[in-house]
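Keep the view open as you read.

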Amino acid sequence: MDLILWRHAEAIDLDLVGDDMLRSLTSKGEKQAARMAAWLDRQLPDGARIWASPATRTEQTAMALQRKYKTHSSLAPLSNVDDLLRLVQWPNAKGCVVVVGHQPTLGQTISRLLGLSESECAVKKGALWWLRHRERDGVGQTVVVTVQSPEVL
């Protein structure tokens, strides 16, 4: 199973809208999302399942990929790792799953899957971590396939 954790691109400040779920991407964020989506679209298999938080900024980031996606409340801001992993059926699902979400949940998920001692791994806005679960000698392992940032694409 492949799991791609993609943090939403840069969004407007909370002070401008008053509701965290309604924050939209800035013009820089739109460019970040488009750049990452263009790269990701070339890498993703056709059958990849795509999930996004119901927050406006994550849906806008997911829309840049121009593929069908679903939203789920368990990916909303301040959601928890267990709900995310249950939704994507880690590590037992087949194929590739993309999650467009938020910090700190994405970083906490990466830390847990990689067995890092820190409670949270930093994920830049618009960046993604591509993780893969595999079996080696009967033991499950999580490996990092790639980490990409829109600034370096």
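**Reading the fold**

Q: Which residues does Arg67 touch, not counting residues up to four places away in sequence?
A: Contact means heavy atoms within 4.5 Å. This is a predicted model, where local features need pLDDT of at least 70, side-chain atom pairs count only at pLDDT 80 or more, and totals for chains, interfaces and linings use all residues. Residues are numbered from 1 along each chain as its sequence is written, and side-chain values use heavy atoms, with hydrogens and water left out. Leaving out residues up to four places away in sequence, Arg67 touches Asp41, Leu44, Pro45, Asp46, Ala48 and Ile50.

Q: Which side chain makes a polar contact of 2.9 Å with that of Arg67?
A: Arg67 sits in the loop between α2 (56–63) and β3. Helices (H or I, at least four residues) and strands (E, at least two) are DSSP runs, numbered from the N terminus. A polar contact is a pair of N or O atoms within 3.5 Å; within protein, one must be able to donate a hydrogen and the other to accept it, and residues adjacent in sequence count only if both atoms are side-chain atoms. At 2.9 Å, the partner of the Arg67 side chain is that of Asp41.

Q: What is the order of the strands in the open sheet?
A: Two strands pair if DSSP finds at least two bridges between them. The sheet has six strands and mixed pairing. Its order is β3-β2-β4-β1-β5-β6.

Q: Which strands stand at the edges of the sheet?
A: An edge strand here has a single partner strand, so one side of it is left without a neighbour in the sheet. That holds for β3 (70–71) and β6 (139–148).

Q: Which residue of β4 is the bridge partner of Ile50?
A: Strand β2 (residues 49–52) runs parallel to β4 (residues 96–101), and four bridges join them. Within β4, Ile50 is partnered by Val98.

Q: Which residue of β5 is the bridge partner of Trp6?
A: β1 pairs with β4 in the parallel sense over six bridges. With β5 its pairing is antiparallel, over five bridges. There, Trp6 has as its partner Leu128.

Q: How many residues of β1 are buried?
A: Buried means under 20% relative accessible area, exposed over 50%, partly exposed in between (1.4 Å probe, protein chains only). Asp2, Ile4 and Trp6 are buried on one side, and Leu3, Leu5 and Arg7 on the other. The buried count in β1 is six of six.

Q: Which residues of α4 are buried?
A: Seven of the 10 residues of α4 are buried, so the helix is largely enclosed by the rest of the structure. They pack against β1, α3, β4, β5 and β6. They are Thr105, Leu106, Gly107, Thr109, Ile110, Ser111 and Leu113.

Q: At what angle do α3 and α4 pack?
A: Axes are lines fitted to C-alpha atoms, for helices over the stretch in contact, and angles run from 0 to 180 degrees between N-to-C directions. The axes of helix α3 (residues 81–88) and α4 are 9 Å apart. Their angle is about 75 degrees.

Q: How many disulfides does the structure hold?
A: A disulfide is a pair of cysteine sulfur atoms within 2.5 Å. For Cys96, the nearest cysteine sulfur, that of Cys121, is 19 Å away. The number of disulfides is zero.
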